[in-house]
Amino acid sequence: MRTEFSQLGQAEIIRQLFQDSGFDNNPSITVKGGIEFHKVLMQGVDFDLVYNPLKHLGFKAVLRLAGEIYASFHKPETLSVIIGLSSHFCVEDLRELWSGMLEAVRLHGFKAIHLELEPSVNGLYMSLSATGCRKKGIAGKIPAPASKDILCLSGEVGAAYMGQHVLEREKGAFLAAGSEHAKQPDLSKYKFLLAEYLCPQLPSNIIERFEAEKIYPSAGIFVTRGLADAVHHLAAGCGLGAKIYLDKIPIASQTFQMAEEIKIDPVTAALNGGDDYRILFALPISCFETLHKEIQTFDVIGHLCHSDVGSVLVSPDGAEFPLRGLDGAAE
C-alpha cells in the first residue's frame, strides 16, 4: 500500500511518527554549555538508495552525529531533524527512515528530538543538528594534548569501504543486466562487510566506561573519511605530529579476504576507505595500562609526537612514510 503525503498532511504525519515513540516533537530544545554538530546528507551525494535500506539509512544518519559527540567526550542530548522528500517517496518510506532514526536515538540516549518535513525537488535529503553535554566537573579534568600521548582506536577499519565496494559491484551488475533479467545476488559471504557499511555500530557506553576508569582524552575525532585523514586532522588540531604503526592498525580478516579478491591493498582501504564510524582518542601515556586492562575494545595504534615529524605511518622495520589523505597528497 502506498500513502501519498497529501492524503494525511504534514501535521498528521508527524503526529503519527511520534505516536508511541516515547518522545514529544519539541521545537525549542537547547542545551546550555554543551557542544553542537550539524550534518546535511543528500541522495546521490552522501548515499545511494539503490542499496541503502531506508531504516539503515536513518540509523546511520543519527549515528553520524552521535559519533561526533562521543569523540568530543560528551553524551548525546538533543536531536533536530529536517527531512526533505520528493513526490517519489510516500508516507511508508518516511516511516521506515524515521524508525531507523528512533532506534539510534533510543540506543544512544538522546533526551529530546524535533522533526520537520519539507518538500524536495531532488529526492531525499536530511539536515541534522545534535547537541551533547558533559557531567559537571569534567572540563577541569581534560588534559592538554602532549607529545607521546597514545592514539587509540575504537575498532577495525577498512571493512566499511569493502562493504560499499561489494554493493557498488552488485549495483553495476544489476544495471547491466536490466531489472527484468537481474537475479538476486547471494551476498551471504559478505555479511560482515555489508553490516559495517550499511549499519555500523558505536558502543553507547564509551563515556561512562572512560569516566569510571578516570580516563580523560586530550583530543578525539570521529573517523568517517579514512584513518589517515582522521590522524592528520587530530594531530593538526593539537598542533602536533603523529605516528601510527602499520602492524597495530586493526583490520578484520574479512577485509583482507575481500582485498585479495579484488586485488587491492587492505592497508589502503584501512587508511583511506572511509565510512568506518570509529572513534580515535588521544590519551595521556599514563592511561596505557588502564586502557589495556580495563577497556580492551580500543586498540593503541600510535602516539602524538613533535609537529616537525608530521603525520607518518611506521612500517614493522621502522621505516616512516607520510600518511596520504583522500586526494593522495602527503599529510
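The model is predicted. Its chain has 11 helices and 11 strands. The radius of gyration of the chain is 21 Å, close to the 20 Å that the globule rule gives for 331 residues, so the chain is as compact as a globular protein of that length. A search of the whole structure finds 15 salt bridges, and the largest pocket holds about 450 Å³ of space.

**Overall fold**

- The C-alpha trace of the chain spans about 65 × 55 × 35 Å along its principal axes.
- Of the 331 residues, 49% count as buried.
- Among contacts in the chain with a separation of 6 or more, 86% come from residues 24 or more positions apart.

**Salt bridge within a helix**

- Side chains of opposite charge can pair when their charged atoms come close.
- One of the salt bridges joins Arg 15 to Glu 12, with the closest N and O atoms 2.8 Å apart.
- Arg 15 and Glu 12 are separated by about one helical turn, because they stand 3 residues apart in helix H2 (residues 10-18).
- Arg 15 counts as partly exposed at 43% relative accessibility, and Glu 12 also counts as partly exposed, at 26%.

**Salt bridges between separate elements**

- Lys 55 forms a salt bridge with Glu 103, and the closest N and O atoms of the pair are 3.9 Å apart.
- Because Lys 55 belongs to helix H3 (residues 54-71) and Glu 103 to helix H4 (residues 91-107), this pair ties together parts that are 48 residues apart in sequence.
- Lys 55 is partly exposed at 35% relative accessibility, and Glu 103 is partly exposed with a relative accessible area of 39%.
- Lys 111 forms a salt bridge with Glu 77, where the closest N and O atoms are 3.8 Å apart.
- Lys 111 lies in the loop between H4 and strand E3 (112-119), whereas Glu 77 lies in strand E2 (residues 75-85), so the pair ties together parts that are 34 residues apart in sequence.
- Lys 111 is exposed, with a relative accessible area of 60%, whereas Glu 77 counts as buried at 15% relative accessibility.

**Salt-bridge network**

- A network of salt bridges links Arg 169, Glu 170, Lys 189 and Glu 261.

**Largest pocket**

- The volume of the largest pocket is about 450 Å³.
- Its lining comprises 24 residues, and those closest to its centre are Leu 41, Asp 46, Lys 60, Asp 275 and Tyr 277.
- Strand E1 (35-42), H3 and helix H5 (159-177) are the elements that give two or more residues to this lining.
- H3 gives the most to the lining of the largest pocket, with 4 residues.
- By residue class, the lining of the largest pocket divides into 9 nonpolar, 7 polar and 8 charged residues.

**Second largest pocket**

- The second largest pocket has a volume of about 380 Å³.
- H5 gives the most to the lining of the second largest pocket, with 6 residues.
- The lining of the second largest pocket divides into 11 nonpolar, 1 polar and 3 charged residues.

Note on methods
Residues numbered from 1 in each chain as written. Predicted model: local features only at pLDDT ≥ 70, side-chain atom pairs only at ≥ 80, totals over all residues. Heavy atoms only, no water. Salt bridge = Lys/Arg side-chain N within 4 Å of Asp/Glu carboxyl O. Buried < 20%, exposed > 50% of the residue type's maximum accessible area, 1.4 Å probe, protein only. 1 Å grid on protein atoms, 1.4 Å probe; cavity = no way out; pocket = protein on both sides within 12 Å on 5 of 7 lines; lining within 4 Å. Points joined across faces, edges and corners; volume = space filled by probe spheres on them. Nonpolar A, V, L, I, M, F, W, Y, C, P; charged D, E, K, R; others polar. Rg over C-alpha atoms; globule rule 2.2 N^0.38 Å. Contact = heavy atoms within 4.5 Å.
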